[in-house]
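Reader: I am new to this structure and would like to understand the words used for it. Could you take me through them?

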2 protein chains.
Amino acid sequence: MDNIAKKLLELVADWKGEPTKSAFNIREDSECAGRQNTENVRIESKTDRPGIDIIVKNNTKGEKIYIPALVTHSGVKDLVYNDFYIGENADVTIVAGCGVNSDGCDGAEHNGIHRFFLEKNARVVYVEKHIGMGEGTGERIINPQTYIEAAEDSYMEMETTQIKGVDSTKRFSKAILQDRAKLVIKEKIMTHGKQYAETSFEVDLNGTDSSAHLVSRSVARDDSKQLFLSKVNGNAKCAGHSECDAIIMDNGCVSAIPEISANCVDAALIHEAAIGKIAGEQLIKLMTLGLTEKEAETRIVEGFLE
Amino acid sequence: MDNIAKKLLELVADWKGEPTKSAFNIREDSECAGRQNTENVRIESKTDRPGIDIIVKNNTKGEKIYIPALVTHSGVKDLVYNDFYIGENADVTIVAGCGVNSDGCDGAEHNGIHRFFLEKNARVVYVEKHIGMGEGTGERIINPQTYIEAAEDSYMEMETTQIKGVDSTKRFSKAILQDRAKLVIKEKIMTHGKQYAETSFEVDLNGTDSSAHLVSRSVARDDSKQLFLSKVNGNAKCAGHSECDAIIMDNGCVSAIPEISANCVDAALIHEAAIGKIAGEQLIKLMTLGLTEKEAETRIVEGFLE
């Protein structure tokens with residue numbers, strides 16, 4: 001693993017590659033660059049197409065699983081299918097960041113199609129960090145797709161972050177929830193330059209007392225553009241909440257098109273969206289504390305994206 | 001004018017047809033059933049297509065103008081183009097309700113295409129009540145389209161109400177606002193039986209300090225369906241707010257698809273939507289005061305729709 005791969009690994013998975021007891025699979029330029037199983041977590045290569053199956057045994061508690069994907073140079077167009085089977089009562093954290101580095105005029109692209117099958121009462125925290133780097137002129141592209149089937153009483157939390165360097169991204173997440181299943185998605189996006197980012201959520205609240213809480217926070221700087229789509233279908237007694245807050249700066253443009261559909265009288269659905277620039281009073285307050293305007297802006301954006 | 005027409009007139013325009021000093025034009029089954037001009041308000045039939053021009057002189061203050069349209073029996077499919085020219089500094093109220101009565105198996109339908117041209121600093125309150133009645137099995141259909149061009153410093157307030165009897169409605173409203181122009185839309189809809197109601201707002205906030213405030217409140221009962229669409233484009237320093245609150249009862253279904261697009265860094269846009277049934281606590285509170293469940297529901301719905 002060269003320095004670029006090591007740097008990407010650290011950025012997307014907070015991991016320097018040192019020995020670990022956790023299960024992991026490192027994908028580098030469409031090849032497997034390392035894998036480790038544990039007693040409870042088995043990772044297997046798919047035989048019919050690129051990708052892996054990650055099988056978590058029933059009742060597995062507290063394990064962390066690393067599934068980073070790296071594209072280290074231009075001209076690579078990676079496509080991978082990863083399926084996660086999470087056993088009953090399991091409670092795990094999955095870190096599945098993706099880093100793309102472009103060093104030439106060709107693009108560097110990663111397309112990850114991830115499916116999650118949560119058995120009854122399973123609990124997953126899924127952390128996905130996307131980052132682009134390198135001096136090449138080729139586009140850095142990351143298009144993640146996530147499908148979630150959540151059985152009774154299961155819980156899925158998805159934290160996705162794309163802070164810099166990705167020129168184009170289309171992110172699609174779809175979830176189907178059974179009785180008392182709960183989905184939480186927290187998305188943070190910052191675009192700059194001429195970048196484009198599109199997010200699309202689709203959630204079917206099919207189970208009694210199922211619930212979804214979708215929160216997107218984004219910042220669009222320079223000439224970047226963002227599109228936020230979400231669709232929450234309340235098909236049972238359920239609760240759905242979707243929220244899109246965006247800060248625009250410079251010539252940034254953001255559109256939000258959220259849809260809520262109540263198809264059952266016991267569905268309760270709420271959506272909120274707000275798009276605007278940083279409030280002048282906030283800037284002035286920080287500037288009276290001695291910060292320059294640029295520093296104040298940076299501080300506010302950092303706070304907004306946490 | 002027969003009793004049905006008189007009844008419709010009273011329902012949609014709160015007017016029993018008694019002498020008035022106001023300007024008015026009564027459209028009945030695609031014909032003109034009465035017209036009156038005033039010194040400041042001139043109403044003229046169009047020569048190229050069905051409909052009228054309503055011309056309000058500059059500086060006209062405090063006049064009320066009645067433009068009701070009535071379809072009194074089955075088999076009538078009315079189409080009308082009404083253009084309103086509101087002079088500089090004018091301040092008027094326009095009452096333009098529409099009533100359709102079906103007494104047979106054929107439908108009774110009214111399609112009104114209304115255009116408003118507000119000159120600088122003009123101010124219009126536009127009240128539109130839609131109602132269907134009669135014992136016929138034919139569908140009562142009302143499809144209003146409203147186009148608004150609002151010049152600098154003008155103000156347009158649109159209050160539309162459709163409480164009962166309309167089997168199908170598609171309501172489209174589009175507005176383009178110049179500097180400091182302000183648009184307020186307050187919509188109230190209740191559907192029952194197998195009725196369908198669709199609302200679509202599209203607002204271009206093109207002028208500096210222009211603003212829009214769109215509020216839709218609706219109740220879907222029985223097997224009725226409603227679709228709410230809105231699109232607010234912030235193309236300048238502007239403020240846009242759109243809000244959709246819906247109560248669902250029985251098997252009623254409501255979808256809301258609001259879009260906000262900030263194409264200028266100084267655009268501030270907000271959207272809120274909430275769909276759900278009447279909260280149990282609200283019902284119980286009123287029932288402890290001695291109301292039956294049905295009475296409590298009715299009271300809450302009335303309050304919600306004001």
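Author: Gladly! Rings of Phe, Tyr and Trp pair if their centres lie within 6.5 Å, with the six-membered ring used for Trp. In this predicted model, A:W15, A:F24 and A:Y66 form one aromatic cluster.

Reader: Why is the pair of A:F84 and A:Y126 called edge-to-face?

Author: The structure holds 14 aromatic pairs over all chains. For A:F84 and A:Y126 the centres are 6.1 Å apart and the planes make an angle of 65°.

Reader: What kind of pair do A:F201 and A:F228 form?

Author: That pair is edge-to-face too, with 5.8 Å from centre to centre and 80° between the planes. A:F201 lies in strand β16 of chain A and A:F228 in strand β18 of chain A. These two strands pair in the parallel sense over 10 bridges.

Reader: How do you know whether A:F201 is buried or exposed?

Author: Buried means under 20% relative accessible area. A:F201 has 4%, so A:F201 is buried. A:F228, also with 4%, is buried.

Reader: Why is A:R49 said to sit over the ring of A:Y81?

Author: The charged end of A:R49 is 4.3 Å from the centre of that ring, and the distance cut-off is within 6 Å. A:R123 likewise lies over the face of A:Y155, at 4.3 Å from the ring centre.

Definitions and conventions
Residues are numbered from 1 along each chain as its sequence is written. Chains are lettered from A and ligands numbered from 1 in the order in which they are written. This is a predicted model: local features need pLDDT of at least 70, side-chain atom pairs count only at pLDDT 80 or more; totals for chains, interfaces and linings use all residues. Side-chain values use heavy atoms; hydrogens and water are left out. Two strands pair if DSSP finds at least two bridges between them. Helices (H or I, at least four residues) and strands (E, at least two) are DSSP runs, numbered from the N terminus. Rings of Phe, Tyr and Trp (its six-membered ring) pair if their centres lie within 6.5 Å; planes under 30 degrees apart count as stacked, over 60 as edge-to-face and the rest as tilted. Buried means under 20% relative accessible area, exposed over 50%, partly exposed in between (1.4 Å probe, protein chains only). A charge sits over a ring if NZ of Lys or CZ of Arg is within 6 Å of the ring centre and within 35 degrees of the ring normal.
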